[in-house]
Amino acid sequence: MPSYIKLPAYEIIKRIKAQELMAEDYIASLYERIKKVEKDIRAYITLTEDLALKKAREIDKKVKKREKTGRLCGVGIAIKDNICTRGIRTTCASHMLENFVPPYDATVISRIKDEDGVIMGKANMDEFAMGSSTEFSYFGPTHNPWDLERVPGGSSGGSAAAVASGMATLALGSDTGGSIRCPASFCSVVGLKPTYGLVSRFGLIAYANSLEQIGPITKDVRDCALLLSCIASHDPLDNTSVDRPQEDYTKYLIDDIDGMKLGVVKEFFGEGTQDYVEKGVLEAVTNLEELGTDHQEISLKNLQYALPSYYIIAMSEASSNLARYDGLRYGYRIPNKSYDWSTVYSKDRRFGFGFEVKRRIILGTFALSAGYYEEYYLKAQKIRTLIKRDFDIAFKKFDVLIGPTMPILPFKIGEKVQDPLEMYMCDVDSVPANLAGIPSISIPCGFSKGLPIGLQIMAPPFREDLLLRVAFSFQKNFPVSAKLRSYE
Amino acid sequence: MVERKKAISKEQIESIAWLARIEISKKELELFSRQLNDILFYFSKIDEVNTKSIPPSYHVLDLVNVLRKDEVKPSLSEDISQIAPQTKGKFVKAPRMA
């Protein structure tokens with residue numbers, strides 16, 4: 001196996017630009033890798049080998065002619081399958097959209113193409129991004145590259161597993177309540193959920209609009225800053241996209257966090273947090289202290305209500321968003337032609353959606369219905385205000401807040417799939433950032449029993465610079481090294 | 001063990017599922033009845049919080065009324081009616097009204 005499969009994107013790009021490596025050879029080697037390990041991991045729903053090799057040859061030509069090339073020059077990227085790609089089917093891991101081929105690109109896809117990134121294929125996920133393990137995919141689960149019997153996390157499990165196992169150098173995921181950070185933590189890669197409004201959601205198939213963001217999943221923090229720089233910019237096609245000047249986030253990769261104040265969030269070490277995880281994260285806190293930071297414990301009292309509030313809001317928004325799937329204009333339609341409109345509609349949705357999606361739509365419809373609206377939906381939105389205020393107060397005292405990304409180590413496939421509530425509990429530490437709209441990153445901070453542990457860092461809105469700086473300093477001084485068996 | 005009050009009855013689930021236009025089987029109704037009640041029981045934790053004078057946060061940004069200029073732009077070049085599962089010529093075929 002050529003060694004450059006293990007290399008981060010910035011190294012690949014440097015070599016392609018310097019004509020030391022042909023983009024075509026490198027992309028071909030990624031597909032060789034896919035042929036070898038994909039049967040065990042199942043990170044992809046759709047592969048686009050021919051398109052990718054064609055694009056790679058175009059890039060090689062551009063480089064040879066010394067034409068201007070983009071910042072992602074030739075690098076292979078896996079795209080979560082809820083991000084629309086023109087001419088490439090985009091299924092959302094659902095029977096409902098199994099044959100849906102979007103007639104347009106999401107804005108992030110246009111950006112990646114403009115920067116000469118190469119799309120490897122569409123990555124597996126929980127159906128409509130509803131889940132924390134990638135087991136709720138219509139196409140079957142993805143397996144964790146570190147232990148094939150375990151889940152890769154979710155919902156962007158395919159994206160994270162592809163990066164961790166060398167089947168893509170970069171990936172895009174989406175994060176509604178932890179769906180980038182959870183699989184990043186479980187697969188020992190870097191995942192960043194940007195501030196709400198920083199990255200365009202145009203072309204992201206909606207689950208819960210007020211919470212979700214597209215973000216990078218990468219091998220290291222430098223790649224994370226690079227991919228974020230390429231996708232973060234104002235987009236008039238997304239009304240919630242914030243009009244700010246574009247930034248080069250790689251300039252914040254500074255190995256100096258001396259004097260920074262870290263708040264260790266007490267609620268993130270509550271009941272349900274495994275000892276292995278707590279130990280791993282507290283070790284990381286000690287490491288950060290060695291780099292000159294100060295840390296103190298802080299309690300954000302309303303975080304105990306974050307999980308139920310998150311699920312009420314997300315399900316309510318989902319019930320409204322997913323009403324569009326009628327099986328008429330696109331999507332799954334039952335073959336029988338004799339039924340009336342409402343019957344067709346309700347049968348399309350019975351057979352087109354999986355259990356978890358149906359549970360969430362029904363609960364969301366309930367939470368929004370007359371007589372229950374105030375008790376559930378409105379109340380949850382008020383608690384969201386309280387949680388946001390808790391964060392505002394905490395950030396007056398601390399530069400960043402830290403804790404575990406996930407309360408537990410990656411669990412076995414099938415272990416939680418029968419009990420929805422138990423699955424929801426996995427998101428307890430990741431949903432607060434979505435409710436408050438703040439940026440949050442998960443970086444590898446160690447292993448326990450051979451399984452990855454993720455450190456979560458959160459910052460005030462639009463302070464991705466702080467996240468990257470802390471994450472970069474940590475990774476530079478305390479690199480987590482473990483050998484992926486399937487690599488060798 | 002005291003049977004806790006059900007937050008949602010089977011009849012309610014059937015009527016909500018119909019509102020959401022999702023046909024559910026008998027087996028699903030049994031399963032959902034148990035699971036949805038467990039979930040709603042867990043959600044009731046938010047009842048502890050006094051939110052009387054707290055305004056809701058429907059979203060986190062201060063953006064209000066984001067508008068763009070009313071200009072004609074090119075539409076999608078492809079014939080998008082062809083992504084519909086049932087078509088007739090350039091038209092999307094819909095079921096009959098009740």
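A salt bridge is a side-chain nitrogen of Lys or Arg within 4 Å of a carboxyl oxygen of Asp or Glu. The model on screen is predicted, so local features need pLDDT of at least 70 and side-chain atom pairs count only at pLDDT 80 or more, whereas totals for chains, interfaces and linings use all residues. Residues are numbered from 1 along each chain as its sequence is written, chains are lettered from A and ligands numbered from 1 in the order in which they are written, and side-chain values use heavy atoms, without hydrogens and water.

Begin by selecting R350(A) and E23(B), whose side chains form a salt bridge with an N to O distance of 2.7 Å. R350(A) belongs to helix α10 (residues 341-352) of chain A, and E23(B) to the loop between α1 (10-19) and α2 (26-43) of chain B, so the pair joins two chains. Helices here are DSSP runs (H or I, at least four residues), and strands likewise (E, at least two), numbered from the N terminus.

Next, select K10(B) and E30(B), which meet in a salt bridge of 2.9 Å, N to O. K10(B) is in helix α1 and E30(B) in helix α2 of chain B, so this pair ties together parts 20 residues apart in sequence.

Then move to K65(A) and E67(A), a salt bridge whose closest N and O atoms are 3.8 Å apart. K65(A) is exposed, at 57% relative accessible area, while E67(A) is partly exposed at 38%. Buried means under 20% relative accessible area, exposed over 50%, and partly exposed in between (1.4 Å probe, protein chains only).

Finally, display the whole of chain A, which has 15 helices and 11 strands. Buried residues make up 68% of its 488 residues.
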